[in-house]
Amino acid sequence: MKAKFIVMDTKDNCATALEDIDKGEEVDYNGKKFKINQPIPLGHKFALNDIKQENFIKKYDQKIGIATEDIKLGDWIHTHNIISYYLKELQNK
Amino acid sequence: MNEEFMGYERPNSKVGIRNKIAIIPSVVCVNHIAEQIANKLDDAVAIKHPLGCGQFGPDYSNTFRTLVGLGSNPNIYGVVVIGLGCENLKSGVLAKNVKRTKKPVEFFNVQDIKGGSTAAIEYGLKIGNQMREEANELKKEPFDFSNLVLGLECGGSDSISGISANPAVGIISDRVVKLGGTSILPEFTEWIGTEHLLIERAINENVAQKIHNTITGFIENLKGLGIDFLGVQPTPGNIEGGLSTIEEKSLGNIAKSGKSPIQGILDYSEPPKTKGLWLMLEPGLDIESMTGLAAAGAQVILMTTGRGSPCGNPIAPVIKLCGNPKTCNWMAENIDVDASRIIKGEKTIEELAEILWLKMRKTLNGQQTQAEKLGFDDLAIWRNTAAPFQYMHCK
């Protein structure tokens, strides 16, 4: 069966869609079933658990950015709710 | 583990997976002559380039190091260097430096041969034919992977490369390193945002500092010139494809280097000093990048491409893998390994890496890549140090 999404590392808190996923669609990650809260286009990410504001988003077991607002399980993760930690640090220098 | 590949042993104990004759012009003025000679020889390549005169300082050294490196690559049995005679990159000096590998190297200047270009082509052909006959005498022998230098490249990337083809390449790079071999990751502009991770993997403080200095130095240079590089990364196309931050984008790129410790940063075209994974200073144009990898001694290059790229290298076979199903279909003749099976859910990244490993072994053992079959022999030398001329314009 074709997987709808891929998780790059077991420690990640986001998944990448391998096809367009509809809002309201139920997904299953390691037995955890949950609903997708917004449409997720191919190549885009969604949350595998709740992520509080200022917490890191992890992909490839690495920090790819920090949450600019509270993110809920099944939420679309993109430029509207995360920013580059790298750029933030650089600006603070 | 008893992993081996078949290759040609060179006099300096390096191992080639091809047995080519290289015709290297020391200057652009004799490109056509080099090409005419290579065309008339079996399994010969002309290393055509647009440089070799009017260069000085670090710009000259960079070109010189690259041409020496290309001639020294173990996929080359022997080299004929051709000069015009009046250029500042002298054919004799180039030949002498390639000769350090103890491989057959001859040189001549076109202006020294009575009869002009036609006579020069005949003269070069005579030397080339002799080398070809000697090269054909060589037999392949089995070698272990400590003899391999692997180049890691990506071009025409999309949001899929970083989650499919690139991590598969990373597994292969780690495997080569574990088997005692060498692997090189170029394209420093696509390390930006991940330098803290590269630094964590540095083998010592000195290497960590070099990685830090390379990236911060580049960003400072740009700031000084008023260029906001970071403000445009990721690009609108990247964002549309799902990449949210520069870290995420660069992570996709550095995934090609797996998890191995980083031994150091090489200058463009500089051969690695030890085995293991190395970074190379190079700004991200595929052809310049692969030229630098071949000049550093890479016998084979793995190149991921999402949007599709046909290009190759005259010396190191380039194996293409593509994670995008549409590109795999549209540009099938330019793709060696269909990595779209990952996003189609047919193969895991690990399973795809195994397919890639087998493909790479076949390539090492002599099977032609698609770029080789189609005759792609692209070459470009990065002019990273033409400092006196940088950013000159007429207004």
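Colleague: What word describes how H2(B) and H3(B) lie to each other?

Modeller: Two packed helices are described by the angle between their axes and by the distance separating those axes. H2(B) and H3(B) are oblique to each other (under 35 degrees is roughly parallel, over 145 roughly antiparallel, 65 to 115 roughly perpendicular, and the rest oblique). This is a predicted model, in which local features need pLDDT of at least 70 and side-chain atom pairs pLDDT 80 or more, while totals for chains, interfaces and linings use all residues. Residues are numbered from 1 along each chain as its sequence is written, and chains are lettered from A and ligands numbered from 1 in the order in which they are written.

Colleague: At what angle do helix H2 and helix H3 of chain B pack, and how far apart are their axes?

Modeller: The angle is about 50° and the axes are 9 Å apart, for H2 at residues 57-72 and H3 at residues 91-98 of chain B. Axes are lines fitted to C-alpha atoms, for helices over the stretch in contact, with angles from 0 to 180 degrees between N-to-C directions.

Colleague: Which residues make the contact?

Modeller: H2(B) brings B:Leu67, B:Val68, B:Gly71 and B:Ser72, and H3(B) brings B:Leu94, B:Asn97 and B:Val98. Contact asks for C-beta atoms, placed from the backbone, within 7 Å. By class there are four nonpolar, three polar and no charged residues (Ala, Val, Leu, Ile, Met, Phe, Trp, Tyr, Cys and Pro are nonpolar, Asp, Glu, Lys and Arg charged, the others, with Gly, polar).

Colleague: Let's step back to the whole chain. How many helices and strands does chain B have?

Modeller: Chain B has 14 helices and 14 strands, which are DSSP runs numbered from the N terminus (H or I, at least four residues; E, at least two). Its radius of gyration is 21 Å, close to the 21 Å from the globule rule for 395 residues, so chain B is as compact as a globular protein of that length. That radius is taken over C-alpha atoms, and the rule is 2.2 Å times the number of residues to the power 0.38. Of the 395 residues in chain B, 55% are buried (20 or more other C-beta atoms within 10 Å; exposed means 12 or fewer, partly exposed in between, with C-beta atoms placed from the backbone).

Colleague: And in what order do the elements of chain A run?

Modeller: From the N terminus they go β-β-β-β-β-β-β-β-β-α, that is, nine strands and one helix. The C-alpha atoms of chain A fill a box of roughly 50 × 20 × 20 Å along the principal axes. In chain A, 37% of the 93 residues count as buried.

Colleague: Finally, how many residues does the contact take from chain A and from chain B?

Modeller: Chain A gives 27 residues and chain B gives 19. On the chain A side, strand S7 (62-67), strand S9 (82-83) and helix H1 (85-92) each supply at least two residues. That side of chain A divides into 15 nonpolar, eight polar and four charged residues.

Key
Two residues are in contact if their C-beta atoms, placed from the backbone, lie within 7 Å.
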